[in-house]
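Please find below a colleague's note on the structure shown here.

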Amino acid sequence: MSDAYLSFANSPFGGALTRSLGLPQPRALERFSSHRPVLRGEVLVGASPGAQLLPSLSQSLAELEAPSLAHHSLPEWITLAQQQGVMSGRWGVGEAPGAKVKALVFDATGLSDPLQSETLHAFFQHTLPHLLPCGRVIVLARPPEQAATLAQAVAQRALEGFVRAVAKELRQGATAQLLWVEEGAEANLGGALGFFLSPRSAYVSGQSLRLQPASLPPHAPTQPLAGRQILVTGAARGIGVAVAETLARDGARVIALDVPSAQEPLQALAKRIGGQALALDITDPEAPTTLVRAALAEGGWDGLVHNAGITRDRSLARMPAHQWALVQAINLQAPITITQAMQEAQALRKGARVVGVSSISGIAGNRGQTNYGYSKAGVIGWVQALAPQWQTQALAINAVAPGFIETQMTAAIPLAIREAGRRMNSLGQGGLPVDVAEAIAWLVGPQAAGVNGQVLRVCGQNWLGA
Ligand SMILES: NC(=O)c1ccc[n+]([C@@H]2O[C@H](COP(=O)([O-])OP(=O)(O)OC[C@H]3O[C@@H](n4cnc5c(N)ncnc54)[C@H](O)[C@@H]3O)[C@@H](O)[C@H]2O)c1
């Protein structure tokens, strides 16, 4: 479960050797620490003419206490930022570049024709070489389906290909994302930037995510999940442990569920995080009723994280029916049945948020995983189909799709395939359980207001299906 090559390449001797031999040099990623600021450096801001999100952006950066700098093509940013009380100045002198920055944010919402794309090219060509290690690139756009003209729809849609390509060119642990901000969702920008600009999104890159209008519930920025009760299934090991710990760190009371045979580690976890252990097989026909009863006894729960999952890999020709069925029952049917029972019994409190755990195998498919691929693509279908109905009830449902994550599940993969899985992504390494946990903690919390029906890949921009 440890990546020896990553440690070696990040040691003084290993770094020098891998450099001289021209070998890949994956960067040890910065991860969240409560002792350090959200953003470890300055944000350099640029925009195309007619950009619409600059006021919301300055407000968001003020909330995040993120110091910003104006690119020479956007001198008006300084006044805007200062009006919000954000520390701001100009980057560089004249057109000469300034010092390295931690993030580049470009408001591309003003692009109303692909013929105007040179502003995008000029900004990033000038600034990308000046991004610090583990830096962040964020492009803000409007959803193409809501464009007023054909040219505008093309100009906005084209940004997705641009951002994905930038993410593949970045080095040193830096990431790039695209945020589609619907009209009326401007107030939700800060919550999304808080995740994507911070080390919490260390292993997320090359993603595009949509923000819809939704009211932002009140919350304390450092303990956004305070007062919330959240169920995490499959919490005895691997990603589930990290999810439970991260939700507890953010203030939630966690109900940690796993099979009865995993009681010992589950109890230890619950004790460590001040949560509750629940021994239950989610495929037990009584499981929905048991969970509804437990939730109602506590006045309802505020979130469900359907993390429990299994693999039973075999080529389709050799796959027995019982292995097919077991994977569907745990990975797909149980989350659907439990969520439906909870909703029907009104055991989910107002504003509750549900997260399904999919996989890049459900997006790209994987040899020997027809059963797993079906179940994990099913999770995506479920989330996307349910989200529009849920929006009208102030509930939200999203999925994460992890790539290669260092757990017991992936430690069981044969060495050569494991090594390939680890390296075949833009960050050149596997993710850690905490990377998936951070994405889930964000999605299940108030700062993801306006995010509904989305699939967030936590895969270092894995080359499969990207
Ligand atoms: N590790 C990866 O690289 C990776 C990649 C993509 C997706 N995922 C998904 O992430 C989730 C967690 O993966 P992991 O690597 O931590 O797996 P893991 O095998 O380490 O842990 C899974 C947990 O789920 C529990 N579980 C299984 N069946 C259950 C049931 N019927 N009822 C209750 N609990 C049950 C297990 O006891 C175990 O504690 C899974 O859904 C998996 O498919 C993992």
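1. Basis. This is a predicted model, in which local features need pLDDT of at least 70 and side-chain atom pairs count only at pLDDT 80 or more, whereas totals for chains, interfaces and linings use all residues. Residues are numbered from 1 along each chain as its sequence is written, and side-chain values use heavy atoms, with hydrogens and water left out.

2. Domains. The protein chain is assigned domain 1 (31-211) and domain 2 (229-458); such bounds come from an automatic or database domain assignment. Their C-alpha centres are 31 Å apart.

3. Extent of the interface. Contact (heavy atoms within 4.5 Å) links 20 residues of domain 1 with 24 residues of domain 2. The two domains bury about 1,900 Å² between them, 60% of it on carbon and sulfur atoms; buried area is the accessible area (1.4 Å probe) that two parts lose on being put together, summed over both. Of the area that domain 1 buries against domain 2, R31, R200 and Y203 supply 37%, more than any other three residues.

4. Two salt bridges are found across the interface of domain 1 and domain 2, a salt bridge being a side-chain nitrogen of Lys or Arg within 4 Å of a carboxyl oxygen of Asp or Glu. The side chains of R200 and D250 form a salt bridge with an N to O distance of 3.4 Å.

5. Residue T109. T109 lies in the loop between β4 (101-107) and α5 (118-127); strands (E, at least two residues) and helices (H or I, at least four) are DSSP runs, numbered from the N terminus. T109 is buried, at a relative accessible area of 0%, where buried means under 20%, exposed over 50%, and partly exposed in between (1.4 Å probe, protein chains only). Its side chain makes a polar contact of 2.5 Å with the side chain of D107.

6. Residue H306. H306 is found in strand β11 (residues 301-306) and counts as buried at 6% relative accessibility. Not counting residues up to four places away in sequence, H306 touches several residues, including T233, P335, V355 and W382.

Notes:
A polar contact is a pair of N or O atoms within 3.5 Å; within protein, one must be able to donate a hydrogen and the other to accept it, and residues adjacent in sequence count only if both atoms are side-chain atoms.
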